[in-house]
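Okay everyone, thanks for coming.

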Amino acid sequence: MTIWRWKALAGLGFAAACGQGSPSPGSATAPPASPTGAAAVTAQGTSSPTAGGETCTPGNRRCVDDTTAEMCSADGQQFLRTACDPGALCLEGRCVGLDTPAGKLDRARLYTLRGEGWLNGWGGTEALSTKSFDKLKGNPEGVLAGENAIGLAPRCAAGGFVAALDKDKKRRGETRHALLAGYLVSGQRRPVTLLAGVRGGARIHVNGALALDARRPGGEAPFQDELVVDAELREGVNTVVVVVAQESPTPAGLWLRVRGRRGEALPDLLFAPASEEGCALGDLLDVRWSSRPVTEGFAVEAQVRVPGLWPRIRGELGYEARLDHRKAREETLGRGTLGAASLQGEGATLPFTARFAKAGQAELRLRLGTEGAPGSNAAEGSKDAGSSRNSRGGDAAEARRTLLFHGDLHDRVVSLEGVLSEATQGTLPAGSRDSFAHHVATLQRALTDGPDDVSWLRATLKEAEEIAGELRQGRDPYRTRTGVVHRAYRSTIDGALQPYPVFVPPSYRPDGPPLPLVIVAHGLDNPPEVALRTAIGEAPDMSGDRERAARHLPSFPDQGAILAAPWGFGNAGPRLLGEHDTLAVIEALEAHYRVDPRRVSLTGYSLGGTVAFTVPLHHPDRFSASAPLCGYPNLKDYRSIRGVRHAPWEDRLIEQRYTVRYAENGLHLPLHVVHGGKDGPERSKVVVERYRALGYKVDFDLQEDLDHNVWDHGYEHGRMIAWLIARRRPEAPSRARLVTGEHRYDRAYWVRLLRRQDGAARGEIDGRWAKEERRVEVTTRNVEALALDFTGMGAAGGGTARVVLDREAPIEVPEPAGEVFFVRQGGAWTRATEAPSTAHRKRPGVAGPLDDVLRHPQLIVYGTLDPAQADVNRQVAEYHRGPATGAEVRIPMKADTEVSEAELTGRSLVLVGGPASNRVTALFARDLPVKFEEGALTLRGKRHEGDHVGVSLIWPHPRDPAEYLVVHAGVTFRGTLYSRHLPRLVPDFVVYDARITTQKGEMLMDLRPALDGGFFGEAWD
C-alpha cells in the first residue's frame, strides 16, 4: 500500500506580504520606483511598431540583450531603455539581480528550460551524516551558505529523474538523507505550480518555505507529475532545496518541473545548480538508439533530445558519428549540426548506415558538442557565449551503440524480408502470414538486440528458410508442419502480432481425424514456451534463465493432442486482456487445424492456474475440462481486498469478478485441481468446496509437503495432458446452467440470458430438457428475458415442445428451430417473436464497467486544443495506452488534430482531456453524460467544483453501437493527471480530486476518497 503525506502551503516568497497583489505572467505593470539591478533610464525614441514587428504597447517589456532592458512608455510612443547593473541579468524585460545566499550567480551557470522542462541538474550532497543532517533540519537552505554550508557536486540525469541516493548503500532499518539545491530565476513575481514525482521521501523548500512534503514507502517508481502543488516565485533568484529521504534499498530521488497555474510551460524561467560546476553535456542529452538489419549492416537511428535543462548560451550542437571496427580504422558515418530547437519534444533523429565487410563487433560512437564540430558553441542571444568554457555545460558528450554482425546469418535474415513481402501480396491465410511475419521479426530483433545465442539463431533461421521455401512454391507451410511451431495472430486490441507457440504432434494429419486441443497458461513472468515444456513434465529451473529455457526446448512426446500456450499480453493472466488472448488463440487454432471442438481443455500453473479457474467458468460451453495448478481464484481473500474498506460499487465489482460466483457454470466442466499444502491451499479450496457442494466433478490433489512449485508433481510424465484429453464436453446436454454478473458472459450451451431485472445482481438460469416428453423446465432468478436454443439441445423439429418457466403454465412451441425468445411481462412469462431490443441499453460488449474497453479495438486521442494542457494530455494518454494490469500492450494513440473522420468509428475512443482541450471530446460533448464548465463539472445532476476535480467514465459510442467512448478529463489539467491513480476495479464512472493521489494502483480505492462513483442504469441513465 502506498501512503502519501503532502501539503501545499500558500504564502511562499512575496505572496506572504502581498496576497493577491502578484501580477500574472505577462501582465503590463509599471516598473518599480527603484528597479532591481537597474542603472540609468534613457529614451530610445518612438518605434511603434519596432523593426522586429513588436508594437509599443504601454507597459510592454523586452530584453535587448543580457544587460539591456526596454519598456514601452505610458503613452505608447517610445521604448525606454534600462542598462542593468553589473551582476544583473535582463529577463522578461526586467533587470533582475542574481544574488544568492552563496554570492552572485554567474550568468554562465544559468540553464534554460527545454523539452519537457525537467529540473534535471542540481547541486547535491552525498548521504549526510546524522550530525550534519540534524544541523540542517530547521534550515535546509543552510547547506548553501554559512557555517553549515556543504560542498555540493553536480547531480544530473539525462532522463529527467534525479536520483539523490543510490540503491547500494542503504542499510536495513536506516533512513539516509541527502540534499539537492538549485536556483530558479524569474523575471517577475509569479504564481507557479510545482509538479513532482517522488521516490522515497522528499521535502521541497522554495525560498525557505515548505512547499511539498511527500514520501513513498517501499521506493515504488513514481509517475511524472504525480503531485501538484502551488507556490510563488519572487522576482530574481529563488532558492529551491530538496531534502531526499531513503527508507528502502531502492534509489531515492524525484522528477520535478515548474509550470504556470494553468499547466502552461514557462520558457522564460532560468535555473542553475547550486554547485560550482554545472552538468556535463552528456548528463543533459537523452540519446536513444534503434536499429534494424539491412544488407551488409544496420540502419541505425539516434534520437537526441533535451528533456529539461540546457546551457542558455548554446544555440547549436555539433555532432559526428564514427564506426569503430576492431582491428580496423574508424569510419566516419556522418557529421553536422543540430539547432537547439530541434532537440525539444521528440528530439532530432540522426540516421546512419553501419556497414560490415565481415562478421564481428563494432562500436558506433556519436560525439555531440565537440569543439571541432561545426556550431558547437554558437551563442543564443548572449554576450557571454565564450564564458561557458568555464562550466561543465560546455564540454562534449558521447553516446555509444555496440553492433554485432553475424555475417552470412545476417544476410540470410535480411533476405527473408523479400519473401515476407511476397507472402503479404498472395492468398496465404492471414494466420500463416502473421506467423511468418512474427518469425522474421523475431530473427531481426535477435540481430539487433540479442540474445547472443548463435545456436538458437541458426536453428530459428533454418526453420524460417524452410517455411520461406514452401511460400515461394505457393504452399501454406503451416498446414502440414509438426513439432513446436511458432505462430501469431494480429490482435484487434492494438494491431500488434500476438505470439503463441503450438506443439503439433507428428501424428497430426490435415485430412485426418480432429485432435483434442490443450491450452496451457503460463506463470508470472514465464515465456509461453516454458509453459509448454512444463506441461509435459519438462519444467526448467524457474530460478534460472527462463528465456534461454524457452529458446532451447526438449523433445515433446506425441500424446495425440495439440498443445498451445497463449502469451496472454504478458502477465494479463485471468484479467480482461489475458482472457481475450486465450480465446483468440483458440479461435486461430480452430481456424488452422483440425481441432475436436468437444475436446478443448485448459490447464496452467500459478498465474496460469488462475486463468484455468476463471476462463472456463466464464465460457463453460467452450471447454471440456480444466486443470488449475497452484492458482488463486480467491479474490475476496486478497490482502488488497479483504484488508481495506469498500465502496458499495466496489462490492458489486468484486461479486462480478469473483470466480467462485461462476462455479455453477461448471456443470459439465470437470476440474483437476493441484495445490501445495505449504502454499495456502485455501486459495484453490474456495472453488473446490463450491464444486463439491454443487455435486460437480472435481479432483483435489493436495500435496501437503509441497510449496508453490507443484508443477513438477502435477505434470509429471505428461499425465495431466492424458487426463485432460480423455474428457469430452457433451454435444447436447439435457441440462444447461448459467450464472452471470456481467452481460458479456451470457450463455451456457443452449440457454442465453438476454436481460436481467436488476443489473446490479447476478442472473441465473437452470434449464432441463426431457427429450422423451419434449418438455423444457427452466427456473430463473433475476431474469427478465432469455433465449432457448432448441438446436443446441438436440430438439429442433419433431413436433411441439412445451416450455415451463418458473413453474408457470406451459408455453407451447410448435416445431422449434434455433433460438426461441421469452420475456417476462406483467409478472408472467410469454413467448416473443424476437429478442428484446438492445437499443440504448446495456448489452454484451457494451455494458461497462470502465475496464471493459480493454476488450475492444481502441484509439486513444489526446487533446491539443489548449496548449497549456496538451503536454499533460499526452502524458496521461501514454499512461492509458499501456494499462497497468501486468499487460504488455501499446494501444494506438493520436493527437486530436491527427484523427480522421473514418477513425471516429469502428473502434472505441479513449478521450484524454475535456472539450476545452480536446477537439474530439468537444465533438461528442452533447452526447456525454458529463458537462464541463469553468471551474466545475456536472454528472448525473451533481455539480463538482474545483480546479482539482477530474472524471473517468465509459459511455456508449453515439456513432457506433458496438463501441465505447471513454473519457479521462478534469476541470483543469490537474484532474486529468489524477486519472492515472485509479485502481484496477472501477465502475462505469468515478469523480475524484487531488486526494486520489494518496495511492496508486491496487485493486480498490481504499484510502482514495471519491467525490462520486457508480454504475449507469441498464438504460444508460
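I'll talk about salt bridges, then aromatic rings, then charges over rings.

Keep in mind that this is a predicted model. So, how many salt bridges does the structure hold? The count comes to 73.

Let me pick out one of them: R262 and D866, whose side chains meet with N to O at 3.0 Å. Where do these two residues sit? R262 is in the loop between strand 18 (252-259) and strand 19 (270-273), while D866 is in the loop between strand 46 (858-862) and helix 16 (867-880). That's 604 residues apart, so this pair links distant parts of the chain. Is D866 buried or exposed? D866 is buried, because its relative accessible area is 12% and the cut-off for buried is under 20%.

Next up is E812 with R802, where the closest N and O atoms are 3.6 Å apart. E812 belongs to strand 43 (residues 811-813) and R802 to strand 42 (residues 801-805), so the bridge ties together parts 10 residues apart in sequence. Both ends are partly exposed: E812 has a relative accessible area of 47%, and R802 has 37%.

Some salt bridges share partners, and one network formed that way joins E320, R322, D324, E330, R335, E363, R365, R367, E398 and R400. R365 is partly exposed, at 22% relative accessible area.

Okay, on to the rings. There are 17 aromatic pairs here. One of them is Y489 with Y500, a tilted pair with 6.5 Å centre to centre and 45° between the planes. Y489 comes from strand 28 (residues 483-490) and Y500 from strand 29 (residues 497-504). Both of these tyrosines are buried.

Then look at Y508 and Y593, an edge-to-face pair: 5.7 Å between centres, 70° between planes. Y508 lies in the loop between strand 29 and strand 30 (515-521), and Y593 in the loop between helix 9 (576-592) and strand 32 (595-605), so the pair ties together parts 85 residues apart in sequence. Y508 is buried at 4% relative accessible area, and Y593 counts as buried at 4% too.

Ring pairs also link W955, F989, F1016 and W1020 into a cluster. W1020 has a charged neighbour as well: K842 lies over its face, 5.0 Å from the ring centre. And to finish, the charged end of K1000 sits over the ring of F223, 3.5 Å from the centre.

Conventions:
Residues are numbered from 1 along each chain as its sequence is written. This is a predicted model: local features need pLDDT of at least 70, side-chain atom pairs count only at pLDDT 80 or more; totals for chains, interfaces and linings use all residues. Side-chain values use heavy atoms; hydrogens and water are left out. A salt bridge is a side-chain nitrogen of Lys or Arg within 4 Å of a carboxyl oxygen of Asp or Glu. Helices (H or I, at least four residues) and strands (E, at least two) are DSSP runs, numbered from the N terminus. Buried means under 20% relative accessible area, exposed over 50%, partly exposed in between (1.4 Å probe, protein chains only). Rings of Phe, Tyr and Trp (its six-membered ring) pair if their centres lie within 6.5 Å; planes under 30 degrees apart count as stacked, over 60 as edge-to-face and the rest as tilted. A charge sits over a ring if NZ of Lys or CZ of Arg is within 6 Å of the ring centre and within 35 degrees of the ring normal.
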